[in-house]
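Take a look at the sequence and the 3D structure below.

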Amino acid sequence: MSYLQYTADHQHMPSADIILGHDKIIEILDNLAKGVDALTTIIPFLPQYLVDDVHSETFGRECAEQFDLLDDDRSGALEPKELIPIIQELVDVRAYKLTEEHCKHFVDIFDVDRNGVITKAEFTNLVRFMIIMGFNQTEEGLQVTKDAEIAKGKEAVDELLTMLEQDRKSVQKIISLLPDDIFKELTSDEFVKSCHEKFVALNVETDGVLMPHELHSVVVEMSEASPYAVTDEQCKRFTKIFDVYGDGALHPDEFLDFARFLCVMSYLHTPEGKAASKDALTVMNDNRKIEDLLTQMSSDRQCLKDIIPHLPDWLRKDLISENFTMECLSYFQDLDKDGNGTLEPEELFPMVLSLSKASEQALDLDQCRRFTDIFDERKTGFITLDQFVNFSRFLIIMGFLRSSKGSEFAAAAATATAARGPLPISAPANAESALVVVVPVQRPPGRPNEQ
């Protein structure tokens with residue numbers, strides 16, 4: 001039935017019914033769009049027989065035949081009006097009046113090429129979607145949907161925990177930068193009393209501490225995940241973030257610290273907080289940059305031995321030359337303020353600051369220690385001259401591999417170690433020559449923040 005004929009047949013519908021039908025159809029189409037967006041989450045959990053079926057030659061041939069039946073004008077593409085039978089079958093709207101707007105809305109959901117029509121390949125994906133959505137209404141499909149939602153929830157919890165781990169210490173760095181009224185509220189008797197009441201309500205075992213399982217509801221609420229998605233291990237990980245005493249539980253003062261952290265983070269994400277606390281947000285963002293740098297360097301450090309054999313000869317010669325070593329020695333001496341022949345974590349402050357391009361207030365001594373640990377192969381707590389030279393070589397190699405010239409060498413190294421997985425190669429690309437290691441040596445005022 002053509003679009004015009006369908007419209008003519010429904011002209012007798014009362015105006016109110018048409019309006020209600022329009023809203024109902026738009027609602028159904030919006031839900032379809034959400035279903036398409038959620039499909040990537042569901043696909044990994046589908047039974048193999050269903051995946052094989054919707055990718056078989058027979059399935060493709062049947063879709064092509066159905067496409068040809070719908071393609072009235074033989075244009076090789078389905079226009080909105082030609083999709084009316086499909087829309088009727090998919091959303092069951094025969095009782096309502098379909099308009100061209102509805103059809104365009106439907107096309108927009110599956111129109112990957114964004115050309116206003118549905119191609120044969122897009123039509124095949126549309127039919128796959130219809131079959132999967134039908135499967136999801138079965139008992140087996142409902143379980144698949146539930147499994148997918150739990151997996152998605154676990155990912156959301158892991159993302160939350162990673163954010164908390166990164167931001168936990170940075171909040172201590174920005175308290176002094178918050179507006180006075182926020183600081184007073186967080187330290188008021190009313191706030192402390194409210195937190196204590198919440199603590200008592202959560203402490204079902206009435207033993208004066210909150211164990212990980214008692215914090216389950218808190219993690220669920222913060223992550224907006226299904227209760228089934230939050231695992232015991234994630235609750236333990238959450239507890240550890242705020243467990244200052246290290247006994248695997250949260251005491252009242254630790255819970256109060258957590259509540260203050262949560263309030264600060266919530267405030268900083270409001271329009272008022274963003275406007276009034278720009279310096280605080282800068283420090284927090286810079287803290288994340290430092291954490292990302294440490295993670296990247298630690299990861300890339302592990303794969304260095306696999307990369308070196310694939311470097312061009314000119315670069316390897318440059319890195320072992322006397323000139324390169326002397327440049328490293330000069331910079332090492334500039335950093336070694338006490339002249340004891342080693343670099344302690346606090347002496348690496350200007351280097352970490354320069355590499356991360358972060359503000360001084362964002363960097364603390366613990367982060368400098370972790371930076372030291374990455375290259376302190378002897379685990380002495382400091383960097384020797386030979387370790388500093390190797391660190392400088394590492395910087396230049398990683399910078400080269402991230403450049404356009406170095407990408408082919410990175411590919412060769414990745415191919416040679418394919419059995420062990422792809423190499424991360426994600427260190428900052430601040431090395432274009434052997435001189436790159438010479439970053440500014442002026443020491444910032446004061447010492448790094450003690451954390």
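What follows starts with salt bridges and ends with helix packing.

This is a predicted model, in which local features need pLDDT of at least 70, side-chain atom pairs count only at pLDDT 80 or more, and totals for chains, interfaces and linings use all residues. Residues are numbered from 1 along each chain as its sequence is written, and side-chain values use heavy atoms, with hydrogens and water left out.

Begin with charge. Side chains of opposite charge can pair when their charged atoms come close. Here a salt bridge means a side-chain nitrogen of Lys or Arg within 4 Å of a carboxyl oxygen of Asp or Glu. By this rule there are 13 salt bridges.

Take Lys120 and Asp68. They form a salt bridge, with the closest N and O atoms 3.5 Å apart. Lys120 sits in helix H7 (residues 120-135) and Asp68 in helix H4 (residues 57-70), so this pair ties together parts that are 52 residues apart in sequence. Helices are DSSP runs of H or I with at least four residues, numbered from the N terminus. How accessible are the two partners? Lys120 has a relative accessible area of 36% and is partly exposed. Asp68, at 35%, is partly exposed. The scale runs like this: buried is under 20% relative accessible area, exposed is over 50%, and partly exposed lies in between (1.4 Å probe, protein chains only).

Next come Glu165 and Arg237. Their side chains meet in a salt bridge, at 2.9 Å from N to O. This pair links distant parts of the chain: Glu165 belongs to helix H8 (residues 139-174), Arg237 to helix H12 (residues 232-242), and the two are 72 residues apart. Glu165 is partly exposed at 39% relative accessibility. Arg237 is partly exposed at 26%. Asp158 joins in: Asp158, Glu165 and Arg237 are linked in a network of salt bridges.

Stay with helix H12. Lys236 forms a salt bridge with Glu233, where the closest N and O atoms are 3.7 Å apart. These two are 3 residues apart in H12, so about one helical turn separates them. Lys236 is partly exposed, at 46%. Glu233 counts as exposed, at 56%.

Now turn to buried residues. Ser170 lies in helix H8. Its relative accessibility is 0%, so Ser170 counts as buried. What lies 2.8 Å from a polar atom of the Ser170 side chain? The backbone oxygen of Asp167 does. Leaving aside neighbours within four places in sequence, Ser170 is in contact with Met284 and Asn287. Contact means heavy atoms within 4.5 Å.

Follow that contact to Asn287. This residue is found in helix H15 (residues 278-302). Asn287 is buried, with a relative accessible area of 1%. Not counting residues up to four places away in sequence, Asn287 touches Gln166, Ser170, Lys173, Ala362 and Gln367.

Helix H15 has another partner to show. Two packed helices are described by the angle between their axes and the distance between the axes. The axes of H15 and helix H19 (residues 349-356) come within 9 Å and cross at roughly 100 degrees. That makes H15 roughly perpendicular to H19. Axes are lines fitted to C-alpha atoms, for helices over the stretch in contact, with angles from 0 to 180 degrees between N-to-C directions. Roughly perpendicular covers 65 to 115 degrees. Lys289, Ile290 and Leu293 of H15 make the contact with Val352, Leu355 and Ser356 of H19.

Notes. Parallel < 35°, antiparallel > 145°, perpendicular 65-115°, else oblique. Polar contact = N/O pair within 3.5 Å; in protein donor to acceptor, adjacent residues only side chain to side chain.
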